[in-house]
Amino acid sequence: MRPDSGRIVIARTAGMDALEKQLYGRAVYVTMEGGVRLTAKALLDALQRQCGIQPMAMKVEVACPPYRFFVRFDSVDDCAQVVYLKPLLRCGGAGMSVRRWCWDARGTPGKMEYKALVSIEGLPEQAWEVETVNNVLAGVGGRLEEMLPPTDHWVLSVTAWLQDPCAIPKSLTVVLPAPTPPPMRPSSDEAAESPSPPRSPTMKRTQEFNLFMHVKEVIDRGRVLIEGPSDGFYSDEEVLTRRHTFRTWRGKIDGIGPGDHGYA
């Protein structure tokens with residue numbers, strides 16, 4: 001049975017940053033007032049008629065609630081014109097609610113309160129790069145801040161933002177799919193015959209790697225509970241930076257040691 005709900009962290013990637021840059025200032029959400037239901041084609045025609053924007057210079061798509069349409073423009077000026085004219089725009093006899101797109105438009109606020117120094121032991125060699133390490137940290141509720149220069153190829157130390165340091169598993173199994181093999185080139189004899197159609201794969205081979213996740217240091221800046229008459233209340237002025245350090249060992253899960261190979 002599948003769970004009813006789940007919660008994950010999405011790792012930021014270079015592709016995501018590039019797409020945000022493309023959309024910024026060139027996209028809006030549109031919702032029809034009064035719940036009037038229209039087609040994307042009707043909205044496209046209305047924007048062309050009332051704003052003078054050519055259909056080839058914009059794209060109207062049905063959006064995920066709470067918005068009705070997602071509209072992208074080739075020009076920043078065309079997008080700004082739609083936002084400026086929104087009090088006057090109408091389609092199907094109804095007004096339009098127009099909101100500029102921004103990265104947090106459909107989410108709810110949250111935060112990662114803890115900055116930590118983490119050592120990852122056992123990561124496969126081809127995974128020692130920013131996007132893969134960020135994916136590993138996202139899987140445990142974190143975001144990569146910086147990959148520190150390694151002293152060897154045993155332990156990779158990073159700084160990261162974490163939602164909850166106590167939720168970082170001491171041991172973590174990561175599953176790496178096998179690389180896609182290159183297409184087979186027929187021999188000279190086979191080339192003369194018609195090639196047989198490729199067979200659909202019945203499975204995808206993977207390799208599992210067991211990692212040790214060493215949490216070496218955690219910094220938090222939460223508010224401090226004031227004792228005395230104000231017991232039970234927090235003061236905005238009482239904010240301290242607290243640094244917690246932990247001794248970790250290579251080849252040992254956190255909490256077990258000392259080890260024979262030095263600190264992790």
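Helices (H or I, at least four residues) and strands (E, at least two) are DSSP runs, numbered from the N terminus. By that count, this chain has 5 helices and 13 strands. The model is predicted, so to speak of local features takes pLDDT of at least 70, and side-chain atom pairs count only at pLDDT 80 or more, while totals for chains, interfaces and linings use all residues. Residues are numbered from 1 along each chain as its sequence is written, and side-chain values use heavy atoms, with hydrogens and water left out.

**The chain overall**

- Buried residues (under 20% relative accessible area, with exposed over 50% and partly exposed in between, using a 1.4 Å probe and protein chains only) make up 31% of the 264 residues.
- Take the contacts (heavy atoms within 4.5 Å) between residues at least 6 apart in sequence: 67% of them join residues at least 24 apart.

**The open sheet**

- Five strands line up in an open sheet in the order β2-β3-β1-β5-β4, with antiparallel pairing; two strands count as paired if DSSP finds at least two bridges between them.
- β2 and β4 (90-91) sit at the edges with a single partner strand each, so one side of each has no neighbour in the sheet.
- β4 and β5 are joined in the antiparallel sense by 2 bridges, and C91 stands opposite A94 in β5.

**Strand β10 and its partners**

- β10 (residues 206-220) pairs with β6 (residues 114-121) over 8 bridges, in the antiparallel sense; here I120 has M213 as its bridge partner.
- β9 (residues 171-177) also pairs with β10 in the antiparallel sense, over 7 bridges, and P177 stands opposite T206.
- β13 (residues 242-245) runs antiparallel to β10 and is joined to it by 4 bridges, with I219 opposite R243.

**Two nonpolar cores**

- In general, nonpolar side chains tend to be buried together in soluble globular proteins.
- A nonpolar core here is a set of buried Ala, Val, Leu, Ile, Met, Phe, Trp, Tyr and Cys residues joined through side-chain atoms within 4.5 Å.
- The largest one has 25 residues, and V30, L47, V71 and M96 touch the most other members.
- A second, separate core holds 22 residues, including W128, V140, L144 and L211.

**A look at M96**

- M96 is found in strand β5 and is buried, with a relative accessible area of 5%.
- Leaving aside neighbours within four places in sequence, M96 is in contact with V30, T31, M32, E33, L43, A46, L47, K86, L89, R90 and C91.
- The C-alpha atoms of M96 and Y29 are separated by 9.9 Å, though the two residues are 67 apart along the chain.

**The largest pocket**

- A pocket is an open set of points on a 1 Å grid over the protein atoms alone, where a 1.4 Å probe fits, with protein on both sides within 12 Å along at least five of seven lines; lining residues have an atom within 4 Å of a point.
- The largest pocket has a volume of about 1,000 Å³, a volume being the space filled by probe spheres set on the points.
- Its lining has 20 residues, and V9, I10, R12, W103 and T108 lie nearest the centre.
- α1 (14-23) and β7 (142-147) each supply at least two residues of this lining.
- The lining residues divide into 9 nonpolar, 5 polar and 6 charged, where Ala, Val, Leu, Ile, Met, Phe, Trp, Tyr, Cys and Pro count as nonpolar, Asp, Glu, Lys and Arg as charged, and the others, Gly among them, as polar.
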